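Please keep the sequence and the structure in view while reading.

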Amino acid sequence: AAAHLVGPQTWALTVQNGLGNPEAINAVIPPGRVAIGMTNWPADVPGPGAVEIHGDGVVRIWTETGVADPRIDAIAGALDAAGLGAAPDPHVEVVIWEKVAMNAAMNALCCLLRETVGGVAASADARAVADDVLKEVMAVASAKGIAVSLERVRGMVAHGMAEHADHKPSMLQDRLAGRPTEIDFLNGAVAAEGRRLGIATPVTETLARLVRFGEPKR
């Protein structure tokens, strides 16, 4: 929809959840002018025109091609000056996949159970399912040669459960508002990549199927 605004010098930046965002952008902007990344700022939308931030976060970005470019420094500098804790990171695929693991576990469970992060944390069964998802996503990322760490992701999940118990992940917010979720870019995308690589992801794929069952009919 914004293709008419794109010129030969236009760059795009995506720090969206999940996988497949850069490839979608490439339909309009080539990989050489796309910055990819991850942000973990916790936020809720209490109503139209309002965003509530609770806690701290960072932004990590790099080029889609993996080649250094001075414009990445300029983009990160602008975001950092706005107080978003942004920095260039040539290993950005690691943080992207580690956040995918956390989101595939927590967002899908919160959506299905209609519970906050704290609600999931209060259930030993829900925590066990979340950990199964983490292990499956880590296996897929490792098969791709990405140096992810299961223990680091477990620490991220534990931190979220302890510090953001009242948070409603974006997938739960979408479900409560009757909007389509990002499930195909999270659990669905991981399961598809697992099939391509011969890595089984039964829990991750089951959560994807259950979330899709509750999607608004179009």
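Five elements each supply at least two residues to the lining of the largest pocket: strands S2 (34-39) and S3 (43-47), and helices H3 (92-113), H6 (150-163) and H7 (170-177). The largest share of that lining, 7 residues, comes from H3. The model is predicted, and the points below are grouped by topic.

**The largest pocket**

- The volume of the largest pocket is about 950 Å³.
- Its lining is made up of 35 residues, and those nearest the centre of the pocket are Thr 39, Asn 40, Trp 41, Lys 99 and Asn 103.
- By residue type, the lining of the largest pocket comprises 16 nonpolar, 14 polar and 5 charged residues.

**The second largest pocket**

- The second largest pocket has a volume of about 390 Å³.
- A total of 18 residues line the second largest pocket, and Leu 19, Gly 20, Pro 22, Glu 23 and Glu 93 are the closest to its centre.
- Two or more residues of this lining come from each of helix H1 (21-25), S2, H3 and helix H8 (187-197).
- The lining of the second largest pocket divides into 7 nonpolar, 6 polar and 5 charged residues.

**The cavity**

- Rolling a probe the size of a water molecule over the atoms shows where empty space is left.
- In the whole structure, the search finds 1 cavity of 30 Å³ or more.
- The largest cavity holds about 50 Å³ of space.
- The residues that line the largest cavity are Val 15, Gln 16, Asn 17, Gly 18, Gly 37, Met 38, Thr 39, Ile 96, Lys 99 and Val 100.
- S2 and H3 each give at least two residues to the lining of the largest cavity.
- Of the residues lining the largest cavity, 4 are nonpolar, 5 are polar and 1 is charged.

**Trp 97 in helix H3**

- Trp 97 is a residue of helix H3.
- Trp 97 has a relative accessible area of 4%, and because this value is under 20%, the residue counts as buried.
- Beyond residues up to four places away in sequence, Trp 97 touches Leu 19, Val 137, Met 138, Val 140, Ala 141, Lys 144, Ile 146, Val 148, Val 190 and Glu 193.
- Trp 97 and Ala 87 are separated by 10 residues in sequence and, from C-alpha to C-alpha, by 18 Å in space.

- Helix H2 covers residues 70-81, which is 12 residues.
- Asp 69 lies in the loop between strand S5 (59-63) and H2.
- Asp 69 caps the N-terminal end of H2, with a side-chain oxygen 2.8 Å from the backbone nitrogen of Arg 71.
- Is Asp 69 buried or exposed? Asp 69 is buried, because its relative accessible area of 17% is under 20%.
- Apart from its neighbours within four places in sequence, Asp 69 is in contact with Trp 11 and Thr 63.
- After H2 comes Gly 83, which has a positive phi, near 90°.

Key. Residues numbered from 1 in each chain as written. Predicted model: local features only at pLDDT ≥ 70, side-chain atom pairs only at ≥ 80, totals over all residues. Heavy atoms only, no water. 1 Å grid on protein atoms, 1.4 Å probe; cavity = no way out; pocket = protein on both sides within 12 Å on 5 of 7 lines; lining within 4 Å. Points joined across faces, edges and corners; volume = space filled by probe spheres on them. Helix = DSSP H or I, 4+ residues; strand = E, 2+ residues; numbered from the N terminus. Nonpolar A, V, L, I, M, F, W, Y, C, P; charged D, E, K, R; others polar. Expected span 1.5 Å × (residues − 1). Polar contact = N/O pair within 3.5 Å; in protein donor to acceptor, adjacent residues only side chain to side chain. Buried < 20%, exposed > 50% of the residue type's maximum accessible area, 1.4 Å probe, protein only. Contact = heavy atoms within 4.5 Å.
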